[in-house]
Amino acid sequence: AAERARPDEVRTDAAGAFSIYLPVGTYDVNVEPPSGVNELVGHLNSIAVGPADVGTVTLAAGFPVSGRVVGPGSVPVEHANVNVVDSATRVAQHIANDATGADGRFTVVLPAGTFDFQYALPACGGLAPAEQADRVIAGTTTLPTLAAVVGVHLTGSVVDTGSLPVPSVDLDLYTAGTANKLYTPNDRTATDGTYDVLIPPGSWD
């Protein structure tokens with residue numbers, strides 16, 4: 001029988017098969033290997049459901065990349081969300097098991113390439129988002145420990161010439177005097193034109 005579950009909770013059985021009920025529609029599907037398996041996330045584009053058989057999905061081998069996130073006093077940061085983008089193309093990589101554990105550690109699997117590792121830290125901790133840029137992956141890799149710092153809030157508002165709030169404005173920050181863009185998730189203005197972006201202390205354009 002097909003499994004009735006949230007799509008993000010569906011697991012393959014011992015034979016590698018899966019089934020799920022979904023509303024009729026078109027979906028992108030991520031096939032995420034379990035932790036400890038050095039295979040890349042499979043991604044299926046525009047699967048029309050009604051019903052559909054996606055056939056056999058073959059997961060390609062990749063390289064395990066491990067790292068650790070700590071805060072002030074070298075305290076491990078749990079639940080940091082790790083995102084990876086190609087350094088040149090800015091294409092986001094499909095990765096699984098991308099949150100840090102209680103010890104601040106994570107392991108993701110990537111193909112060979114040069115990537116930026118972006119860390120969105122739990123909002124309740126007050127730590128600024130961070131990035132490790134231009135990391136070359138050509139085999140099993142351990143990244144340097146990321147030492148996150150307490151952030152400061154950059155706040156303000158954006159209005160048009162009629163003093164009306166402008167929502168969804170994308171704010172970009174750069175290291176002062178350079179073209180080095182700071183990683184700033186949640187950096188768009190709200191419906192009332194206000195913004196509140198958590199950034200590391202420093203000088204920024």
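Predicted model: local features only at pLDDT ≥ 70, side-chain atom pairs only at ≥ 80, totals over all residues.
**Stop 1**

Select β4, β6 and β7. They form an open sheet of 3 strands, in the order β4-β6-β7, with antiparallel pairing. The edges are β4, residues 81–86, and β7, residues 130–137; each of these pairs on one side only. From one strand to the next, the twist averages 25°.

Now keep β6, residues 113–120, and β7. The two run antiparallel, joined by 6 bridges. To find one of the pairings, pick Phe117: its bridge partner in β7 is Gln132.

**Stop 1: Asp116 and Arg90**

Stay on β6 and select Asp116.

Check the surface at each end. Asp116 is buried, with 5% relative accessible area. Arg90 is partly exposed, at 42%.

**Stop 2: the other salt bridges**

The structure holds 3 salt bridges. Select Asp103 and Arg105 for another of them; here the closest N and O atoms are 3.8 Å apart. Asp103 is partly exposed, with a relative accessible area of 38%. Arg105 is partly exposed too, at 47%.

Move to Asp172 and Lys181. This pair also forms a salt bridge, with the closest N and O atoms 3.5 Å apart. Asp172 has a relative accessible area of 33% and is partly exposed. Lys181 is likewise partly exposed, at 43%.

**Stop 3: Asp187**

Asp187 is in the loop between β10 (152–157) and β11 (194–199). Is Asp187 buried or exposed? Asp187 is buried, yet has no salt bridge. Lys181 is the nearest side chain of opposite charge, 4.9 Å away.

What does the side chain of Asp187 meet instead? Select Thr184: a polar contact of 2.9 Å joins the two side chains.

Finally, show the surroundings. Beyond neighbours within four places in sequence, Asp187 is in contact with Val169, Asp170, Leu171, Asp172 and Val197. One of these, Asp172, is the salt-bridge partner of Lys181.

How values were computed: Residues numbered from 1 in each chain as written. Heavy atoms only, no water. Pairing = 2+ DSSP bridges. Helix = DSSP H or I, 4+ residues; strand = E, 2+ residues; numbered from the N terminus. Axes fitted to C-alpha atoms, helices over the stretch in contact; angles between N-to-C directions. Buried < 20%, exposed > 50% of the residue type's maximum accessible area, 1.4 Å probe, protein only. Lys, Arg positive; Asp, Glu negative; His and termini not counted. Salt bridge = Lys/Arg side-chain N within 4 Å of Asp/Glu carboxyl O. Polar contact = N/O pair within 3.5 Å; in protein donor to acceptor, adjacent residues only side chain to side chain. Contact = heavy atoms within 4.5 Å.
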